[in-house]
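These are my notes from a first reading of one structure. I set down what I looked up, entry by entry.

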Amino acid sequence: MRRLLIGSVTAVAVLLAGCSTRSGDDTPGGSSATPATGTSPSSQADFGTLKNVCGPGTAKPSTVQGVTDKQIQVGVMSDVGFTKNSEFPDAAEVFTSWCNDAGGINGRKLAPVTHDTKLTQVRQGVLEACKSDFALVGGGSAMDSLGVADRLECLLPSFPAQSTQTIGSDLQVLPSSAAVGYFPYAGYYTWLLKEKYPDSAQKVGIIAGDSPVSKGFMAQYKEAVGGLGGKVSYTDLYPPTGVSDWTPYAQSIKSKGVRGLTFLGDFASLAKLEQALTNIDYTLDWIDANSNAYGPAFLQLAGPALAKQHNYAELFATAPLESAADDPAVQQVIDLFKKYAPDKQVTYPVLRAFSAWLLFATSARDCAELTRKCVYENAIKQTDWTAGGLQASVDLSKTDVPSKCYSIVEATTKGWQTADFKPDSGLYRCDAPSYKYQGDYGKPATLADVGKSMSDLT
């Protein structure tokens with residue numbers, strides 16, 4: 001669900017990762033090279049349980065686009081010019097600086113180039129990448145479907161941190177391994193509806209931004225809730241321009257007796273809605289604030305309402321930031337940011353981006369001759385990908401098998417905390433049922449759609 005992953009812009013839908021406003025940054029628009037800095041290389045660079053991710057070597061000249069004997073140019077898609085949020089470029093800077101300090105990918109330094117898609121200029125960003133980049137890594141654009149045909153036309157592999165509207169498209173390897181055609185939050189919603197708050201199951205509400213995309217998401221959630229034994233008894237839309245007074249929405253929720261609420265929109269609007277609910281003395285059993293809200297900004301905006309309302313988010317089986325003391329991989333990301341970007345914030349999207357960078361780097365490292373085909377094929381051979389400990393294990397060789405693992409956090413007056421969802425595998429719970437959509441919500445883009453095939457990939 002294309003919320004897979006993070007940040008939102010109500011002007012178009014529940015749009016993920018690159019569209020949150022947690023950290024904020026005034027990075028200028030346009031494509032910009034971000035050369036990684038480094039000192040003397042070490043013999044190896046381990047990350048979590050991954051060994052020798054980067055290191056020195058003697059690279060030969062290459063005729064592959066974006067590759068020379070000294071560097072590998074990779075593109076980073078980001079809506080930073082619209083969101084003013086530089087999480088993906090920040091993650092690229094930190095990862096490549098660390099990797100290059102260790103010697104790069106077999107001696108080739110990584111040279112990330114940010115393509116600022118500014119929300120609606122995705123196609124322009126992809127066309128720029130098609131002219132010069134070896135691959136796309138560690139980024140994402142809320143309206144990524146606008147550029148998928150061009151990406152496939154130029155045979156550009158993508159290893160995104162997030163995928164909003166292009167999950168399952170050809171030449172894309174998503175480290176979280178979202179299964180095409182399946183509701184990715186089945187474990188989370190089963191816990192909400194059947195275990196934690198069973199009395200809420202028949203009284204679920206959904207509110208979303210008023211756009212064609214978010215309406216499609218609303219239909220998927222409504223179907224999935226019903227398929228998991230619940231019932232959506234209330235739905236509503238709010239205008240893309242925002243709402244000045246959320247009291248009427250709060251009163252409708254109360255009058256309909258809604259007990260659980262799925263909010264598909266930006267967390268600033270959700271915070272205002274929760275304040276309105278609290279003001280009329282109505283407390284929901286649960287609110288799916290989604291990973292858009294997972295960060296300090298939502299806590300600050302919601303304020304006193306957090307003492308009344310119960311907010312949860314599922315992190316797509318990614319280790320919570322709060323687990324750093326128990327998860328060396330999360331702590332390593334924090335430490336790397338302190339070294340290479342001390343003024344930047346480590347967030348959930350950063351962890352997702354690191355997983356993508358690690359997948360790309362290890363796949364490229366294992367190529368005797370660096371080609372797009374080799375890197376892509378190495379990535380989809382991963383059957384137990386954990387990004388060194390940043391996430392639960394996923395099988396990247398399959399795109400039609402949903403993960404059984406999930407991780408849930410809860411917003412409290414003391415901050416975000418791990419919810420009491422009874423993890424059974426370290427930080428995760430791995431008993432999620434599968435729910436396959438019955439409705440027609442479109443199909444992923446393929447190479448055949450643009451007159452290409454895998455035999456064209458070199």
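**Entry 1: two crossing helices**

I began with helix 2 and helix 10, which are roughly perpendicular to each other. The model is a predicted one. The axes of helix 2 (residues 87–101) and helix 10 (residues 328–340) come within 10 Å and cross at roughly 90°. An angle from 65 to 115 degrees counts as roughly perpendicular, and the description therefore applies to helix 2 and helix 10.

I then looked up which residues make this contact. Helix 2 contributes D90, A91, E93, V94, S97, W98 and D101, and these meet Q332, L336, F337, K339 and Y340 of helix 10. By class, the residues of this contact are six nonpolar, two polar and four charged.

**Entry 2: the whole protein**

I stepped back to the overall picture. The protein has 12 helices and 14 strands. Its radius of gyration is 21 Å, close to the 23 Å that the globule rule gives for 458 residues, so the protein is as compact as a globular protein of that length. Along the principal axes, the C-alpha atoms fill a box of roughly 70 × 45 × 40 Å.

I noted that buried residues account for 59% of the 458 residues.

I traced an open sheet of seven strands, whose order is 9-8-10-11-12-13-14 and whose pairing is mixed. Strand 9 (232–238) and strand 14 are the edge strands, each pairing on one side only. From one strand to the next, the twist averages 25°.

For a parallel pair I took strand 8 (residues 204–209) and strand 10 (residues 260–264), which are joined by five bridges. Within this pair, A208 has L264 of strand 10 as its bridge partner. Helix 6 (residues 212–227) packs on the sheet and touches strand 8, strand 9, strand 10 and strand 11 (286–288). The direction of helix 6 makes about 165° with that of strand 8. Helix 8 (residues 267–279) lies across strand 8, strand 9, strand 10, strand 11 and strand 12, and runs at about 150° to strand 10.

**Entry 3: strand 13**

Is strand 13 mostly covered or mostly open? I found that five of the five residues of strand 13 (residues 408–412) are buried, and the strand is mostly covered. I408, E410 and T412 point one way, V409 and A411 the other way, and all are buried. In a regular strand, side chains alternate between the two faces of the sheet.

Next I looked up the partners of strand 13. Strand 12 (residues 311–314) runs antiparallel to strand 13 and is joined to it by four bridges; here E314 stands opposite I408. Four bridges also join strand 13 to strand 14 (residues 415–418), again antiparallel, and A411 stands opposite W416. A hairpin of two residues connects strand 13 to strand 14.

Is L284 buried or exposed? Its relative accessible area is 1%; buried means under 20%, so L284 is buried.

Which residues does L284 contact, leaving aside its neighbours within four places in sequence? I listed I253, V258, R259, G260, L261, L277, Q309 and H310. Of R259 I noted that it is 25 residues from L284 in sequence, with 5.0 Å between their C-alpha atoms.

Key: Residues numbered from 1 in each chain as written. Predicted model: local features only at pLDDT ≥ 70, side-chain atom pairs only at ≥ 80, totals over all residues. Heavy atoms only, no water. Axes fitted to C-alpha atoms, helices over the stretch in contact; angles between N-to-C directions. Parallel < 35°, antiparallel > 145°, perpendicular 65-115°, else oblique. Contact = heavy atoms within 4.5 Å. Nonpolar A, V, L, I, M, F, W, Y, C, P; charged D, E, K, R; others polar. Buried < 20%, exposed > 50% of the residue type's maximum accessible area, 1.4 Å probe, protein only. Pairing = 2+ DSSP bridges. Rg over C-alpha atoms; globule rule 2.2 N^0.38 Å.
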